[in-house]
Amino acid sequence: MMNRETIIVLDFGGQYNQLIARRVRECNVYAEVRPYTMTLDEIKEINPKGIIFTGGPNSVYLETSPSYSKEIFNLGIPVMGICYGSQLMAHLLGGKVATAPVSEYGSTATEILEENSKLFKGVKKDPTVWMSHTDYIAEVPEGFKITAKTKDCPVAAMENEERKLYATQFHPEVMHTEQGQDMLRNFVIDVCGCSGSWKMDSFVESTIKELREKIGNGRVLLALSGGVDSSVAAALLAKAVGKQLTCVFVDHGLLRKDEGDQVEEIFGEKGKFDLNFIRVNAAERYYKKLEGVTEPEKKRKIIGEEFIRVFEEESIKIGEVDFLAQGTIYPDVIESGLGKSATIKSHHNVGGLPEDVRFKEIVEPLRMLFKDEVRRAGLELGLPEYLVFRQPFPGPGLGIRIVGEVTAEKVKIVQDADAIYREEIDKAYDAGLMKAKPNQYFAALSNMRSVGVMGDFRTYDYAVVLRAVNTSDFMTADCTEIPFEVLQKVMNRIINEVKGVNRVMYDLTSKPPGTIELE
């Protein structure tokens, strides 16, 4: 792994640590987020082409604040400091950092003072940037020159070109900063001298080689959910070790319409991947466990625990394995604690590993990839687009898209209604009725039944609730404005084609106060 050109993103507690790494990777340069506790020897071992200090919430002049040895600036490796990172650079090298007379938050007009700066090559003279600071650099260290300023911040950027040290008080990684990506590209390519050759085809090729070396003749077990992460992990491992891999796919009967068959079509005997595929059709078993259960968290717990039991039974039949594979991706690694060893994921795919499953080691082929990179790897491996770009789906599946008790009848209703809804949204987008698809859209089944009239008969059936949201991070979300004619068509089709439904509603709630899932 360390043979490739690498940029280390040294994290000092900034909220944008992942975003900086993603922006660097958009330059086709590999980047890793590491904690500020990383030692100089560890940095030397990696031998990065460059280092980026992240922002952070602290004041650099306080003894309790995160810091680093100033020897890092003597390694001959280019360093860029962002926000707190810029102040830390100034502080460590003899400059002065103090509380700013005027704090800056949000979009701020900036003046570039040194147009010949490598960092600002091709950048307009007065870009709007994103600021977020109460401290500021009052005096730059010896050998530095000020390269940008704002009305209230005399050092919006500084540099020591000879030592290849650069700093910005603003955040070039966020989309609110004009030409911020150009600035990062200038640092990574022009200052650090990276070639920009890290691409998904090379990642796939090198990862397959690494997996072969690591696994050797060992046996690998993977819990395959049919989601993007576990599917791409399965495809990578299959390319690497073939029949040494066994994938256990537990179909709990709570998947979207036809998804269980699609997973089997891709990974089963007739699929293109050479592996051992075990499908466990456990729908009836799950429905029985869920009888009479209406509380969402209790349903989640039952579904997760039952997965463990089914997976345990199948894994015991397989016998001892050498490696347990997981579809862990980079945000999982970062959020669980930077630099820590891999831990068992707590979602339903591998949640609470059975004690009888014995293995030597965990293998996580995607642990250094972001979600968009996982999708690109999936396409590179030949997985179909409908799987690679599949919408996020909760681990308990339709169990939490059905309000109240889960039954086979209700599952069929929501599967059919959801399939119609997604089909009509796709058609509307293809026909130009919508400029963009929602980030997530699905049908859920309420627990409300009401009187209706169909033909000459009165009915007493369920209400289906449609949900569609726009979101960039799934932490917050707004309801999507879907053309009324599209909603009308969806309503008509569901009422006419799905037995047991006589009412269709559209959920307008944002997150917060609501959640994306109905529950």
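A residue counts as buried under 20% relative accessible area, as exposed over 50%, and as partly exposed in between, with a 1.4 Å probe and protein chains only. This report describes a predicted model, in which local features need pLDDT of at least 70 and side-chain atom pairs count only at pLDDT 80 or more, while totals for chains, interfaces and linings use all residues. Residues are numbered from 1 along each chain as its sequence is written, and side-chain values use heavy atoms, with hydrogens and water left out.

## Loop between strand 3 and strand 4

Helices (H or I, at least four residues) and strands (E, at least two) are DSSP runs numbered from the N terminus. P66 is placed in the loop between strand 3 and strand 4, and its relative accessibility of 10% makes it buried. Contact means heavy atoms within 4.5 Å. Leaving aside neighbours within four places in sequence, P66 is in contact with F12, Y36, N58, Y84 and L88. The C-alpha atoms of P66 and Y84 are separated by 9.9 Å, and the two residues are 18 residues apart along the chain.

T54 lies in the loop between strand 3 (50–53) and strand 4 (79–82). T54 is buried, at a relative accessible area of 1%. Residues up to four places away in sequence not counted, T54 touches a set of residues including V9, D11, F12, N17, I82 and Y84. A polar contact is a pair of N or O atoms within 3.5 Å; within protein, one must be able to donate a hydrogen and the other to accept it, and residues adjacent in sequence count only if both atoms are side-chain atoms. The side chains of T54 and D11 make such a contact, at 3.3 Å.

## Strand pairing

Two strands pair if DSSP finds at least two bridges between them. Strand 6 (residues 111–112) and strand 8 (residues 145–149) run antiparallel and are joined by 2 bridges. I112 has A148 of strand 8 as its bridge partner. Strand 8 is also joined to strand 9 (residues 157–160), again antiparallel, by 3 bridges. Here A148 stands opposite A157 of strand 9.

An open sheet of 5 strands has the order 13-12-11-14-15, with parallel pairing. Strand 13 (276–281) and strand 15 (361–363) are at the edges with a single partner strand each, so one side of each has no neighbour in the sheet. From one strand to the next, the twist averages 25°. Axes are lines fitted to C-alpha atoms, for helices over the stretch in contact, and angles run from 0 to 180 degrees between N-to-C directions.

Within this sheet, 4 bridges join strand 11 (residues 220–223) to strand 12 (residues 245–251) in parallel. L221 has T246 as its bridge partner in strand 12. Helix 6 (residues 228–241) lies across strand 11, strand 12 and strand 14 (323–325), at about 160° to strand 11. Helix 7 (residues 259–267) also packs on the sheet, where it touches strand 12 and strand 13 and makes about 165° with the direction of strand 13.

## Helix 11

The buried residues in helix 11 (residues 371–380) are E373, V374, R375, A377 and G378. Their cover includes helix 1 (17–25), helix 5 (200–215), helix 6 and helix 12 (385–388). Just after helix 11, G382 takes a positive phi of about 95°.

## Salt bridges

A salt bridge is a side-chain nitrogen of Lys or Arg within 4 Å of a carboxyl oxygen of Asp or Glu. By this rule there are 35 salt bridges. The table gives three of them.

| Pair | N to O distance |
|---|---|
| D229 and K371 | 3.0 Å |
| K257 and D416 | 3.2 Å |
| E424 and R493 | 2.7 Å |

D229 lies in helix 6 and K371 in helix 11, so their pair ties together parts 142 residues apart in sequence. D229 is buried at 14% relative accessibility, whereas K371 is partly exposed at 31%.

K257, in the loop between strand 12 and helix 7, and D416, in helix 13 (residues 408–430), are 159 residues apart. K257 is partly exposed, with a relative accessible area of 34%, while D416 is buried at 13% relative accessibility.

E424 lies in helix 13 and R493 in helix 14 (residues 484–497), so this pair ties together parts 69 residues apart in sequence. E424 and R493 are both buried. A network of salt bridges links E423, E424, K427, K489, R493 and E497.
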